[in-house]
Amino acid sequence: MSHRSEALQEADRLMTVCNSCRYCEGLCAVFPAMEMRRAFTDGDLNYLANLCHSCGACYYDCQFSPPHEFNVNVPRTLATVRNDSYADYAWPRALSGLFRRNGLAVTFAAVLSVGLFMAGFMAFNDPAVMFGTHLGEGAFYRIMPHDAMIALFGSAFLYALLALFMGLRAFWREMAVNGPQLPDGMSLWQAMKDAGQLRYLDGGGVGCMNADERPKDRRRMFHHMTFYGFMLCFAATSVATLYAYLLGRAAPYPWWDLPVVLGTLGGIGLLVGPAGLLLAKSERDPMMMDTGRHGMDVAFLAMLFFTSLTGLALLVLRATPAMGTMLALHLGFVFGFFLTMPYGKFVHGLYRFAALVRYAMERRAEEERHAQPETRKAA
C-alpha cells in the first residue's frame, strides 16, 4: 500500500513486522490495536502513532531493534508520524507549515505578544497609572479595561477552539473511515480513565524507559503535574468568570479565595511539570526521539512554564508598582499561548485522547464479537 509520506511508509513496514512477531502485544494499546488490522491506511497509522505514549519499552524489548538489519524502531518512527499528523490535520491548511519550524514560530509569537502588550500598556497608560500601586477589586482593569481584555482574549480563544475542533474533526474522520463515526458513552468514559491515569505510559507495568532500559516513572509524574496543573488553572479561570458575571466580583481576589488557590496550585504544577519534562527529554535516548522536531516540545513546555511563572509573579507583586509590568508580561504570554495552541504540541493531547476513544470502541466491539459465539452456544 502506498502512503503520502516516507514516515508513513516506514510505519507500515514496521507494523507489518510487528504484526508477524507480536512479542510486544502486552506492553501498551498500540500493539493490540495493530493486531486488529492486516493492512494499514494513512488514518490507521496516524491513529496508532497518536495512541503511542512513547514509553520506550518496545524499543528495548524488541529483538529486531537497531543495530539489527530489520531496524525496527517503533518509538522514533511513530513519533515522526505523530508529529507529521499535527500538520496534516491543521486548520486552516495554509498554516500547517507552522509545525515545521514550530520552536521558532512559538518563540516569535511569544516575544511579539509580550512586546505588543508592553508597548500598548506604555502608550495608552499614564506612567502614574502603569507604574502605580493599585489595590482592591478591579485593580487589573485600571491598567487594561475589562471590555478590551475580554474582546481581545475572547477572540483569540474562540479562534483557537475553532482551529482545534477542525483539526480534531479531520483526524477523527480519517482515523474512523472504516468504522463507527460517533463514540459511545462507555468508550468515552474508558478513554477518560486511561488518559487521566496515563495508563499506557508504564511500558506494560514496569515503567517508562527514558535514558536506558531501566524503567523509571518520572515522566509519568511530570506529565501528571503538567496536565493537572493546566486543568487547575483552567478551573481557576472558570471560577473567576462565574464570580465576575454571577456575583459581580472583579479580580484580583484575596489570597484565600478559590480562584487564587486553584490558580496557585495549578501554577506550581505548570512550573514543576514542564521543567521536569524538559529535563527528562535532555536525558532521553535520542534513538527513540524524532530529533528533527525537538524544538516543538521545548517551545510548548517553555510557553507553559513562562505563562505560569509570570502568573505567579503577578500574584506576588500585584500590590506593588511592578503590577502593571507583570500584568503586561503575563497577558503577553497568555495571548501567545492562545495563538499557538492549534499549531503546537498542545494538539497532541486532543489527538491522543481521540485515539484512546477509538481504541476503547474497537476493544468493546472485539469483545462483543468474541462473545457472540458463546451466546449462540448457550442458546
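This is a predicted model: local features need pLDDT of at least 70, side-chain atom pairs count only at pLDDT 80 or more; totals for chains, interfaces and linings use all residues.
Local features are taken where pLDDT is at least 70, side-chain atom pairs count only at pLDDT 80 or more, and totals for chains, interfaces and linings use all residues. Residues are numbered from 1 along each chain as its sequence is written, and side-chain values use heavy atoms, with hydrogens and water left out.

A cavity is a set of points, on a 1 Å grid over the protein atoms alone, where a 1.4 Å probe fits but cannot get out, and its lining residues have an atom within 4 Å of a point. Points are joined across faces, edges and corners, and a volume is the space filled by probe spheres set on them. Four cavities of 30 Å³ or more are counted in this way.

The largest cavity is lined by 15 residues, of which Cys28, Phe31, Cys52, Cys55 and Cys58 are the closest to its centre. Helices (DSSP runs of H or I, at least four residues, numbered from the N terminus) contribute to this lining: α2 (30-35), α4 (57-61) and α5 (74-88) each supply at least two residues, and α5 has the largest share, with three.

Around the second largest cavity, the lining includes Cys208, Lys216, Arg218 and Glu283. Here α10 (218-247) and α11 (258-283) each provide at least two lining residues, and α11 gives the most, with four.

How values were computed: On a 1 Å grid over the protein atoms alone, a cavity is a set of points where a 1.4 Å probe fits but cannot get out, and a pocket is an open set with protein on both sides within 12 Å along at least five of seven lines; lining residues have an atom within 4 Å of a point.
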